Each structure stands twice: as C-alpha cells, then as structure tokens.
Amino acid sequence: MFEDFIAAMQLDATDRRILTVLQKHGRITNAELSEQVNLSASACHRRVQRLEEEGFIAGYVALLDPRRLGRQTTVFVEITLQGQADELLDAFEREVARVPDVLECHLMAGSADYLLKVMAENTEDFARIHRQYLSRLPGVAQMQSSFALRTVVKTTALQV
C-alpha cells in the first residue's frame, strides 16, 4: 500500500497529463496523445508503455450506455452477513462475483458488510435479480435496497 503511494508520487507532470487524457479519450491515437501532452510520438509511446507496465493503467474498456441497453434502473443493495468469519466472507464474495447484474461489490466498514451496485431494466427485473440471485447468496442476514432516482455525478476519471 505504501509502495503504491510512493510510486504515485514518482509520476511527473507529463505522466499525469497522459493519464488525464487517456481517462477521457481511451481510443486516442498515440500521435494525437503526443500532441496533446507536448511530447514526441516515440517518447509518448514509451511513457504509456511504462505506465501500463507499472500498473498505473490497469486496462482499456468501452463504457456502454446502460439506457441504450435497457438498463435504466440503478439499485444500491446493502448486505449484512450473519457473521464475519473468513469462510463466510470468502463464500459470499465468490458467489456475488457470479451474479451477472452486479456491477460493483464493496466490503464496507459501517452498518452494512457489503454494498452492491446493481443495474436492472426496471423494478420487476430487480425483483427477478433479487429472487434468482441475491436472496440465495450465502450468509446473508439482512438486505436493504435503495433505488437511485437520478445520477447527479458519474465519472470513471480519477484526479491525477
């Protein structure tokens, strides 16, 4: 953990500009990127390769529009388990990773043990997801679902 912090401190201003541009425009060509960050194409390519090798760039993805795919309902599900034994946590995490509609699952500190982000078509579809998957997860003592009314801020870009 501390090593990651030290590595992040070793990023210079050019590395940070590269990461900022790539977060917003992942399909940008190397030539376009090098222009935007004021580097030669070869130097820019070497830096991007280094940032990938060092794990600052974890991968590249296409961000899909959930509405266009019929998934307009975002549901946050707080889950409290029956206990905190490693075996129970491992079993829960193994099974929740298999639920196709769960976009995120976070182990939490606080009143709930886990927070899930689920995308569904509508409330009926969420009821199906709940019945078919969530209610069958191992060790669940309590579950509370909250439906998002509107997304106010949504980004995948980290400040660098």
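# A tour of the sheet, its helices and a pocket

Start with the strands: four of them form an open sheet, in the order β2-β3-β1-β4, and the pairing is antiparallel. Keep in mind that this is a predicted model.

**Stop 1: the sheet.** Select β2 (102–107) and β4 (140–147). Which strands stand at the edges? β2 and β4 do, each with a single partner strand, so one side of each has no neighbour in the sheet. Now look along the sheet. From one strand to the next, the twist averages 20 degrees. What holds such strands together? Strands of a sheet pair through backbone hydrogen bonds.

Stop 2: Select β1 (73–81) and β3 (114–120). How many bridges join β1 and β3? There are seven, in the antiparallel sense. Zoom in on T74. Opposite T74 you will find M119, in β3.

**Stop 3: two helices on the sheet.** Select residues 86–96. This is helix α5, and it lies across β1, β2, β3 and β4. Its direction is at about 15 degrees to β3. Next, select residues 123–132 for helix α6. Helix α6 lies across β1, β3 and β4. Its angle to β3 is about 130 degrees.

Stop 4: Move to D15, in helix α2. Is D15 buried or exposed? D15 has a relative accessible area of 2%. Buried means under 20%, so D15 counts as buried. Show what surrounds it. Apart from neighbours within four places in sequence, D15 is in contact with Q10, R47, R50 and L51.

Pick R47 from that list. R47 sits in helix α4, residues 41–53. Along the chain, R47 and D15 are 32 residues apart, while 7.2 Å separates their C-alpha atoms. Which residues does R47 contact, leaving aside its neighbours within four places in sequence? They are D12, T14, D15, I18 and L39.

**Stop 5: the largest pocket.** Select V61, L63, K154, T155 and T156. Of the 44 residues that line the largest pocket, these lie nearest its centre. The space inside is about 1700 Å³. Now colour the lining by residue type.

The largest share comes from α2, with five residues. That is the helix where D15 is found.

How values were computed. Residues are numbered from 1 along each chain as its sequence is written. This is a predicted model: local features need pLDDT of at least 70, side-chain atom pairs count only at pLDDT 80 or more; totals for chains, interfaces and linings use all residues. Side-chain values use heavy atoms; hydrogens and water are left out. On a 1 Å grid over the protein atoms alone, a cavity is a set of points where a 1.4 Å probe fits but cannot get out, and a pocket is an open set with protein on both sides within 12 Å along at least five of seven lines; lining residues have an atom within 4 Å of a point. Grid points are joined across faces, edges and corners, and a volume is the space filled by probe spheres set on the points. Helices (H or I, at least four residues) and strands (E, at least two) are DSSP runs, numbered from the N terminus. Two strands pair if DSSP finds at least two bridges between them. Axes are lines fitted to C-alpha atoms, for helices over the stretch in contact, and angles run from 0 to 180 degrees between N-to-C directions. Contact means heavy atoms within 4.5 Å. Buried means under 20% relative accessible area, exposed over 50%, partly exposed in between (1.4 Å probe, protein chains only).
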